[in-house]
Amino acid sequence: MMKKTITLLGLILIFGCKEKQVDTTKTISSTTKDFTKFVNPIIGTSKMGHTFPGATTPFGMVQLSPQTNMEVMFKEDGSYNSKTYEYCAGYQYKDSTIIGFAHTNFSGTGHSDLGDLLVMPTTGELILDPIKTESGTKGFYSTFSHETEKASPGYYKVNLEDYNIKAELTASDRVGFHKYTFPESQDAHILLDLVYNVYHHDDKNVWTFIRVENDTLVTGYRQTRGWARTKKVFFAMTFSKPFKSYGHKNYDNVSYNGFYRRFKEEENFPEMAGKNIRAYFNFDTQKDEEINVKFALSSVSTKGAMKNLTAEIPHWDFKKTKAETKEKWNAELSKLDATLLTAADTETFYTALYHTMLSPILYEDVDGKYRGLDQNIHESDGFANYTIFSLWDTYRALHPLFNVIQQERNNDMIKSMLAHHDESVHKMLPIWSHYANENWCMIGYHAASIIADAKVKNVGDFDVNRALKASVNTAKVPYFDGLGDYIKYKYVPDDKSHSSVSKTLELAYDDWCIAQIAKEAGDTGIEKEFLERASYYENVYNAKIGYMSPKLADGTFRENFDPLDTHGQGFIEGNAWNYGLYVPHELDKMVDMMGGKEQFGQHLDSLFTMELDDKYIAKHEDITRDGIIGNYVHGNEPGHHIPYLYNWTGQHYKTQERVRMIMRTMYGPGVDGLCGNDDAGQMSAWYIFSSLGFYPVTPGSNQYALGSPLVKEAILNLENGKQLRIKTINQSEENVYVSKVTIDGKEIDRNYILHGELMNGGELVFEMSKTPVKGK
């Protein structure tokens, strides 16, 4: 017999609730303006955007979102299934089916994982396979129509047509809240699919364990081996109504089950364990009866999940949680109170701002406990722990944006990176990390850039000496991705490591960032050492052909080199024409090295106007026609600074042209409003900066290159209590050129502004013109 239902208050007493005293409402303001109405989470859910439309809080641990298909990573012959790539966020707008609602999702990434803990309500015959049953009949998916689909910050709604069920979702930071409105049925079910994953493969599920604590409470965990090699997600799932029966199907080929063979485990047995399990919970429902489900996550334990549940949503008032989450979003979005030229621009702008706040995510329980990189349980002290650090993407603009509008959070994120270093057996800062795992994706050690950018801009109270030590440790691990050879040869030899030129360029920049940290710490020895390493980019410049080129260990440049090809030419997701322009820390020197201002300007002109044959991008998932202008690839990160490089040629008006053109052609309010992967918010951060009229070409410096703003006016409500008002005069679709810039009435006779000038508040004014102002 089932145990008697117990109250949530009782659960608090059972599990204890000695919470870490964190003010989770500190970002909630009393603003009366509803900024959420300008956000459309459906933007970017088509093709390459890889965003999700579901419910989440700003930087929340839970991303409760529909999954529209299940594509496994590998075909039957073992080859890669390229269709998997479409489902990095579990959702594609073109689909007309939903297989359930998962509680973890990446936003905008170009590789994937997660999709944990799928819940699906159904009626009728119990079916436990999502797409197709073993007998070839329809699975438990449902069709849906975008006409009944509604998405806004913190809320998602859709009708599941096959079952006549209305599904509504909202979330707190650590708890997903489902509301399902059922038809009359004696065969209503809520399924818990612990087989499903984003980027699923046969060996991904390592172990699943479920306990049915009583007739409304289910707890458990799942461990997976995917992009995160050792990932554990614990959960507590509670129903607003007792289920009448339950069971599960274990899809494993079990050769030994011990004395559990004594039990009929498949039905009404309160323990479930195995690699691949789907559970179900049965109900009788009346017409329009609502069954709510609260689903809390933890990286620590089911006890931690229960603490999160009882602390964040101790009630069954769906509207209350929805309203609180909307208020959280308004508090964050109101940090930029912008007026743009059109309603479409406003939707694009605020959706981009929304997308910058979907990661990194909070990764600790309400008591401050979290699972560390060493797989031990730690407790944060003086910071909130975060995860999902897509640093090759986000150091360029996302974290610099945080240094303007999310300073407290970025400080916590840096402290999280330092904790990662301390927990790392390699003693390294994160490269690309998520869910207590380093996944080693991409190149460089760009945590150094994020630390340098914050320190130079006086953001945060992290220990600069600790940060310097962690950065230097990271920069001296010889077995990391060509780093030993980089130190030995003063460049990465192409015959010893792939993407050798990209690595050399990015490592040289990162080393410059370490030099800036050392300068702030007053360590002249380390500063000198890393400034020398920062010049190593010079060693891969081939003056004979005028390109950054792959060099061999014997000191000769590689023959058979094609500067247009994006595959196998020493560059990762780019070519010599675009990625070869990456020396952000010594741009004047790079321009001189490449022939001077006139010749370099001509290269930029050609870059934007030439035609790039399809053969040069055919081998890359992350580079498509949607994100290409000439040979400039905006749909991928390495070239995001390039439109601003005209500022270093004396042709700043061309930067203004290009930036406005990119904002108009590469972004928009539709489902395909992103020209490439949003890459954890980097693509959106570029748009926010550029719309405001400036961009951090060199993170780690205190300068922002000026461009051409798209806003008519914007008020930045800064965390220091000051306001920066950005105004444009004569702003219009045609007036893309800037004739004059002033700060508090004083003209700026340079092509950049300083971080301190922004943080001081006041008024930044751009006077716009239809004709370019040359030679200024």
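Student: Why does Q375 count as partly exposed?

Tutor: This is a predicted model, and in it the relative accessibility of Q375 is 24%. Buried means under 20% and exposed means over 50%, so Q375, at 24%, counts as partly exposed. Q375 lies in the loop between strand 20 (369-371) and strand 21 (377-379).

Student: What is the phi of Q375, and what makes the value worth a remark?

Tutor: Phi of Q375 is near 70°, a positive value in a residue other than glycine. Most residues other than glycine have a negative phi. L114 is also listed in this way, with a positive phi of about 70° although it is not a glycine.

Student: Where does L114 lie, and why is it called buried?

Tutor: L114 lies in the loop between strand 3 (100-102) and strand 4 (118-123). Its relative accessible area is 0%, and buried means under 20%, so L114 is buried.

Student: Is P360 buried or exposed, and which residues does it touch?

Tutor: P360 has a relative accessible area of 2%, which is under the 20% limit, so P360 is buried. Not counting residues up to four places away in sequence, P360 touches F59, Y386, T387, I388, F389, L398, H399, F402 and M413. One of these contacts, F389, is 29 residues from P360 along the chain, and the two C-alpha atoms are separated by 6.1 Å.

Student: What makes T346 buried, and where is it found?

Tutor: T346 is found in helix 4 (residues 343-355), and its relative accessible area is 12%. Buried means under 20%, so T346 is buried. Leaving aside its neighbours within four places in sequence, T346 is in contact with F38 and L340. As for D626, it is 280 residues from T346 along the chain, and their C-alpha atoms are separated by 22 Å.

Student: Why does E767 count as partly exposed, and what is it in contact with?

Tutor: The relative accessibility of E767 is 27%, which falls between the limits of 20% and 50%, so E767 counts as partly exposed. E767 is found in strand 37 (residues 762-769). Leaving aside its neighbours within four places in sequence, E767 is in contact with I729, Y737, V738, S739 and K740. Of these, Y737 is 30 residues apart from E767 in sequence and 8.4 Å apart in space, C-alpha to C-alpha.

Student: What makes the protein as compact as a globular protein of its length?

Tutor: The secondary structure of the protein comes to 17 helices and 37 strands. The radius of gyration is 26 Å, close to the 28 Å that the globule rule gives for 776 residues, so the protein is as compact as a globular protein of that length. Buried residues make up 64% of the 776 residues. Among contacts with a separation of 6 or more, residues 24 or more positions apart account for 70%.

Technical notes:
Residues are numbered from 1 along each chain as its sequence is written. This is a predicted model: local features need pLDDT of at least 70, side-chain atom pairs count only at pLDDT 80 or more; totals for chains, interfaces and linings use all residues. Side-chain values use heavy atoms; hydrogens and water are left out. Helices (H or I, at least four residues) and strands (E, at least two) are DSSP runs, numbered from the N terminus. The radius of gyration is taken over C-alpha atoms; the globule rule is 2.2 Å times the number of residues to the power 0.38. Buried means under 20% relative accessible area, exposed over 50%, partly exposed in between (1.4 Å probe, protein chains only). Contact means heavy atoms within 4.5 Å.
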